[in-house]
Amino acid sequence: MDENYNMEYTLFYSSIPFLVIGLIGNVLVIRIVHKTREMHTPTNYLLVSMATSDIITILLWPLYFFEVCKFVCKLVELVELCIMVSYFTIIVLAVERYLALLKPYRTGLRLREDNVKRAIACIWVSSVLICLPATFFKEWSETYETCIGPWTLYLNQGSKACVILNVVVYFLQLAITMYCYGTLIRGLYFTNTVCRDTDGERRSEKKRLVITFILVTIGFFIGNTPTLASYVIIPSGNGTTDVRFYGQLTSVADFLFSVS
């Protein structure tokens, strides 16, 4: 166990600079959008919602590196909730860019200042509904001296159902995001069917915005996929997984996600 703790402490301290930068950056996003009237746009409101979920994740993420007590065992589910909010926000941003550039005249489907707040509320409510069942199955085990339940090595049937639901949602979001951005990239760079009648400077600005969202999305999914795999594939095995190996693997995966 000493080896596990040494790795956890090393990875945790290595992640602190990224967590601090992330915390400062997300706080600045919220403050700048709040203070600047010109930035009160649907896209920026979505980014503020995502920044809020990121701040909560950053503040609670260190709990994943160490053994936690009974109370914290339930508390860490807030991290799962915030990750799900980020998932949904990324997919809404992808769909919003898709509609804005490929279907600009179908304004009824677009996010506007009068309906974006409802969209954000739906994102958070949907995330709560998906993540809430996991709180009932996650509990502190005196036998193993750790949390058991969803996203741990020890899964019962209810925990497995929660994990499967999250995995299905993950791949659904990934598929929709890839379709939206894939179509945009094809139209912008290969078929020249997107923003064809837009002047050069405006077209370049829209390209940069799309590329920015794509890079953010790629970074998020690259950072989260190892975590998802380590918490899903190994616990779904035959129960012979070495606890020390599993602890080291999940610590590395958690570190990658904290960096992202």
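Student: Hi! Which residues does Phe88 touch, leaving out those up to four places away in sequence?
Tutor: Hello! In this predicted model, Phe88 touches Ile123, Ser126, Ser127, Ile130, Val169 and Gln173, once residues up to four places away in sequence are left out.

Student: And what about the largest nonpolar core, which residues have the most contacts inside it?
Tutor: Phe88 is on that list, together with Leu46, Ile83, Met84, Tyr87, Tyr181 and Val210. The core has 44 residues.

Student: Which helices supply at least two residues each?
Tutor: Helix H2 (42-60), H4, helix H5 (116-137), H6 and helix H7 (200-232) each do.

Student: Which one gives the most?
Tutor: That is H4, with 14 residues.

Student: OK, Ser86 now. Where does Ser86 lie?
Tutor: Ser86 is in helix H4, which covers residues 77-102.

Student: Is Ser86 buried or exposed, and why?
Tutor: Ser86 is buried, because its relative accessible area is 2% and buried means under 20%.

Student: What does Ser86 touch?
Tutor: Not counting residues up to four places away in sequence, Ser86 touches Met50, Ser53, Asp54 and Phe220.

Student: New topic! How many aromatic pairs does the structure hold?
Tutor: There are three aromatic pairs. One of them is Tyr87 with Tyr170: the ring centres are 5.5 Å apart and the planes are at 65 degrees, so this pair is edge-to-face.

Student: Where in the chain are Tyr87 and Tyr170?
Tutor: Tyr87 is in helix H4 and Tyr170 is in helix H6 (residues 157-190).

Student: What other ring does Tyr170 pair with?
Tutor: Tyr170 also forms an edge-to-face pair with Phe171, at 5.3 Å centre to centre and 85 degrees between the planes.

Student: Last one, the surface. Which residues make the nonpolar patch?
Tutor: Tyr9, Tyr13, Ile16, Val20, Ile24, Leu28 and Ile32 make a nonpolar surface patch of about 640 Å².

Student: Take Val20, where is its place?
Tutor: Val20 is in helix H1 (residues 2-35). Val20 is partly exposed, with a relative accessible area of 41%.

Technical notes: Residues are numbered from 1 along each chain as its sequence is written. This is a predicted model: local features need pLDDT of at least 70, side-chain atom pairs count only at pLDDT 80 or more; totals for chains, interfaces and linings use all residues. Side-chain values use heavy atoms; hydrogens and water are left out. Helices (H or I, at least four residues) and strands (E, at least two) are DSSP runs, numbered from the N terminus. Buried means under 20% relative accessible area, exposed over 50%, partly exposed in between (1.4 Å probe, protein chains only). Contact means heavy atoms within 4.5 Å. Rings of Phe, Tyr and Trp (its six-membered ring) pair if their centres lie within 6.5 Å; planes under 30 degrees apart count as stacked, over 60 as edge-to-face and the rest as tilted. Patches are made of residues with over 30% relative accessible area and no salt bridge: like charges are joined within 9 Å, nonpolar side chains (Val, Leu, Ile, Met, Phe, Trp, Tyr) within 5 Å. Accessible areas come from the Shrake-Rupley method with a 1.4 Å probe; for residues, only the protein chains shown count as cover. A salt bridge is a side-chain nitrogen of Lys or Arg within 4 Å of a carboxyl oxygen of Asp or Glu. A nonpolar core is a set of buried Ala, Val, Leu, Ile, Met, Phe, Trp, Tyr and Cys residues joined through side-chain atoms within 4.5 Å.
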